[in-house]
Structure formats: C-alpha cells, structure tokens
Amino acid sequence: MRTAPHAPELRAAARHIGRRRFLTVTGAAAALAFAVNLPGTAHAAELDAKKITEDPFTLGVASGDPQPGSVLLWTRLATRPYEPDSGLPRARIPLRWEIAHDSGFSRIARRGSVIAHPEFHHSVHVTVTGLGNDRPYYYRFRAGTWISPTGHTRTAPARSARITELKLAAVSCQAYHDGYFTAYKHLAEEELDAVFHLGDYLYEYAVNAVGGARAYTDRRLPAHFNHETVTLEDYRLRYGLYKSDPDLKAVHAAHPFVLTWDDHETENNYAGDIPENDVPPEEFLLRRAAAYRAYWENQPLRRPQQPDGPDMQLYRRLHFGRLAQFDILDTRQYRSDQAYGDGWQVPGPESEDPARTLTGAAQERWLLDGWKSSRARWNVVPQQVTFAQRRDVPTGTFKLSMDAWDGYPASRERVLAGAAAAGVENLMVLTGDVHVGYGFDLKKDFNDPASRTIGTEIVATSISSGKDGSDKPANWDNLTKANPHLKFYNGRRGYVTVTLGEQQARADFKTVGAVTKPGAPITTAASFVTEAGNPGLKPV
C-alpha cells in the first residue's frame, strides 16, 4: 500500500486519539481528525448558481431510508466528477428541491432549499417530512438554471398499518473494474418498494485506463484512478467514477435505497480498528475516517448516520407496517479480529472463543432488544457476510471462512438464542459479500442436518465483482454435498428480489450471463418460497 499524503494536522490528530481510544471517545473528540474540514469553519463564500456553466448533476439523484411520511433525498454537485474538486470552486452553492405526487411536478407535495457545502464535497442530504404514508413520489433538484434528473421514491407505511405485500431487492458487490453494472439497468425497471445494498458499493483497488474488465475502447480513465484508495481525495474521486455509471444512476433514480457497507468501502477484510496490512494505528485510523466521510457524502443516509471522524453508526432499524421489521447491521466496524490469520481455516479454540464478536456488544444488545419489542410478521436482517454454516468439503476435516459468521460461532449462537427468546418465528437474513447467490435454511444446530429449521438466509450475488461467473462454480459439488441446508447455489452476477406477504415470502434469484460486455439480458435462475410460521426454502 502506498504512503498516504494525509494533511499534517489530520495525522497529528489521529496520533492523539490513538488506536483504541476512538471506540469510546466522545463525539466531539472523535471528530477532531476532520474538525478542520467541517462546514462553517472555513467561511466559504457563496456561489451564484446561475454562474454554473456545465451540468452539475452528472452523478444523478438518490433517495433512501424510507419512513412513514418521510424520505431522505440526496445529490452531489459535480460538473467534472473525475477531477479532485469535481469542477467546482470551494464555495457554498444554494440548491432548491421539490417533491411531487406526479412526474410532471404539477402537484407539489413539498419544496425547499438547501446549501451544498464544499466541505462535504457539495453533497446534500435533505430529510423530507410531512408526506403521506406508503405513497410514491417524484423529486428533483435545481441549481441555478440546471435541473437534475427526476427521481422516484416511496415512503413507508405507518408502523401500525396492515399491508399485504412488500417487494424489495437485495444487491451487493459492484467492482467497477470487474465489469458493467448491467444488472442495475434491469433492476431499475422492476416494480419495488426498496433496494437493500448489502455492502462493497465501492472497491479500493486500482482501476486502469480502460476500466479493467470493461475494456473501454471509446475513453481513457485518468491515471489517478490507477492506485488504491487511501486518502479522502482518493475515496471521493472513486465515488465520482462509480456514481457516474449510467446504470447505477438509473437504479438510484428508480428506487429508494437502504445501504450498509462491508469492507471494500474502506479496505479488504479490515476488522474494527485492525487493518489488513501492517501499518501504524494512526494511519489506518485516518484511512477509516476518510472512507467513512466519503461514504456519507455519497449515499442517501439520514443525519444520525453522519460520521464523527473514524466512527459512524450505520446499524439502524426500519419498519414497514406490521408486515416487516428490518434490522440493518454493521458487521465490520465493531468485530473482533479474524481468527487464525483470516481465510478458510479449520475451526478451533481461537475461532470458537465465546468472547469473540462480529457485531460488538452494543449492536448485539440493540438487535436482541429490538426483537423483543417487534410485532412484525417478518423480522429481516440485512447484513454483510454469510450467516449459515458453510463447510468447504463433505469430509470429517473441513474448513470454514474466518471472515464470515462461521469465524464467530459464539456470536451467531447468541443472536439465534436471542431470536428464539424473543419469539421470532419468521427470521430472514439478507447477505452479500461472496459474489454468488445462495439460499440457506438456518438450523438450530448446523452440525445436525435433522435439527429444526429456524429461519432462512438469502444471499445476493454480486452486481459485477468476480467478472462473469458461472452457473456452477468449481466448488459447487463440494459445497452442496457438505451443506445439506444449502438449497440453492449459483455463481452468475445479478440480484435477488424478495416479496414478503402475510402467508409466505418468495425469493427470485435473477442473473445476467455476462458483465464483461454490456447489454446481457436478465433471467430468473430459481425461485423459492418460505411459509410464515414454517421456515424452510421450497422451490417454486
């Protein structure tokens, strides 16, 4: 990893906070590393938006975290998204926003104004309230004479509402350098209530001049993309690259997103405050703070998720009437270090240590307490890494992934025990990370195939990571034989839609045949249902 040219004052601040200190430090102290770069401190001048001569909405628009009568609207101004300053001066820029009942904006529901601050890279996060429950809306922004693309969003139903159906999509893992985001083009055309992104929205790895596997012939990407992201400027530029993709812009404009991260938004397989590589603590602290800051700036997240330096509370809870409760987890920021040096290892005392945690104690308590008070038909847990046991071979000596819940079995057992104690009957885990589609039955005892099924896990394959993939990866026979609770396994790119109803939930695994060339059609690889009160995946 290259040496990061962080500003001297940021480097000094990180040394004072220390490697472990930021886990318990107050919000004000945690923000120290970026206190020199917050709105208001630099007293930036205001730019007359009418003087903007190029389209500032090149990154499109997005909405997120729908709530009853409320939704979050996002955009980031960038006339030239591949340049460090995005083509804009270091000045405050006034914007106007409006949200309407119709795409022609003849029936305005709410409108207002907001400032795009240079300290937040001219991103804006508008919390709109006073809307109807469970209603579709259209929204847009204005900067001077420029008008953004129109976005479509939807509010959540009232928490007490009895709704009969909710349709969502789960997506993950979109390495730009591994291929086109073709699946998003198809997903933008689906009829959905929300899209859940389960992590690896961005990859820190270098992207060469031809976009890696995209093999561009009509353009050359700037050289500054051809190195690993480390600094705030690096991460900001990389989001400019990703979010200028037309298929990603289309899916954000079509549906509200609910996002959580995994590792690559910061660094591969980091664990809490422990980096993948052997670097000084303050170096990784600065990198994590930079990555978290850029993530916030570029995603439709509400104010409680705004980071304080290297800390950002991303776990949160959403309700969709009495049909579904979503407990969105962060299994990266608070975890114990991977056992046995990470990778696939034979499990043993180190990985099975009951003190190990994937969620951290506070998030675990929050999850279990939330289940105790849940009155939802379905309790859904969108999160990052494979939850079910996943043996690599069907023999007595097997290996498990130390980065997944298999590397933290005591943490998994506490979560499942908490679900049982709370009387959760319809548990569904949504997962990303592994670049394949899985359908698992969750077992009371994974080592006993005859034990009771207590829930389901739906694993969304990648959008592009892993390049084209195949229907049956090389380990397909071993994994399906070693894990009888694995009901579906496919290694193509794509996404999964989940339709929740009063009587059952249906998962449709959708795939594209290629991502190294654009335009592949979408097909449904398999469909399954699980009955309310009778968990277990059954093919349709």
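A cavity is a set of grid points inside the protein where a 1.4 Å probe fits but cannot get out. Keep that idea in mind as we walk through this predicted model, because we will come back to two such spaces.

Let's begin with the whole protein. The chain forms nine helices and 24 strands. Its radius of gyration is 22 Å, close to the 24 Å that the globule rule gives for 540 residues, so the protein is as compact as a globular protein of that length. Buried residues make up 61% of the 540 residues. Now look at the contacts with a separation of 6 or more: 70% of them join residues 24 or more positions apart.

Next, step inside. In soluble globular proteins, nonpolar side chains tend to be buried together. Here the largest nonpolar core has 44 residues, and those touching the most other members are Tyr176, Tyr184, Leu187, Tyr295 and Met312. Several elements each supply at least two residues of this core, among them strand S9 (165-171), helix H3 (182-187) and helix H4 (232-243). Helix H6 (281-297) is also one of these elements, and H6 gives the core its largest share, seven residues.

Leaving out residues up to four places away in sequence, Tyr295 touches Tyr239, Leu259, Thr260, Trp261, Glu265, Leu301, Met312 and Leu314. One of these partners, Met312, is itself among the core residues that touch the most other members.

The largest has a volume of about 50 Å³, and its lining includes Leu329, Trp371, Gln383, Phe387 and Trp405. Helix H7 (361-372) and strand S17 (427-431) each supply at least two of the lining residues. What classes of residue make up this lining? Nine are nonpolar, one is polar and none is charged.

The second largest cavity also has a volume of about 50 Å³. Among the residues that line it are Gly437, Thr461, Asn490, Arg492, Tyr495 and Lys510. Strand S21 (486-501) and strand S22 (504-512) each provide at least two residues of this lining, and S21 gives the most, with five. By class, this second lining has six nonpolar, four polar and two charged residues.

Note on methods: Residues numbered from 1 in each chain as written. Predicted model: local features only at pLDDT ≥ 70, side-chain atom pairs only at ≥ 80, totals over all residues. Heavy atoms only, no water. Core = buried A, V, L, I, M, F, W, Y, C linked by side-chain atoms within 4.5 Å. Buried < 20%, exposed > 50% of the residue type's maximum accessible area, 1.4 Å probe, protein only. Helix = DSSP H or I, 4+ residues; strand = E, 2+ residues; numbered from the N terminus. Contact = heavy atoms within 4.5 Å. 1 Å grid on protein atoms, 1.4 Å probe; cavity = no way out; pocket = protein on both sides within 12 Å on 5 of 7 lines; lining within 4 Å. Points joined across faces, edges and corners; volume = space filled by probe spheres on them. Nonpolar A, V, L, I, M, F, W, Y, C, P; charged D, E, K, R; others polar. Rg over C-alpha atoms; globule rule 2.2 N^0.38 Å.
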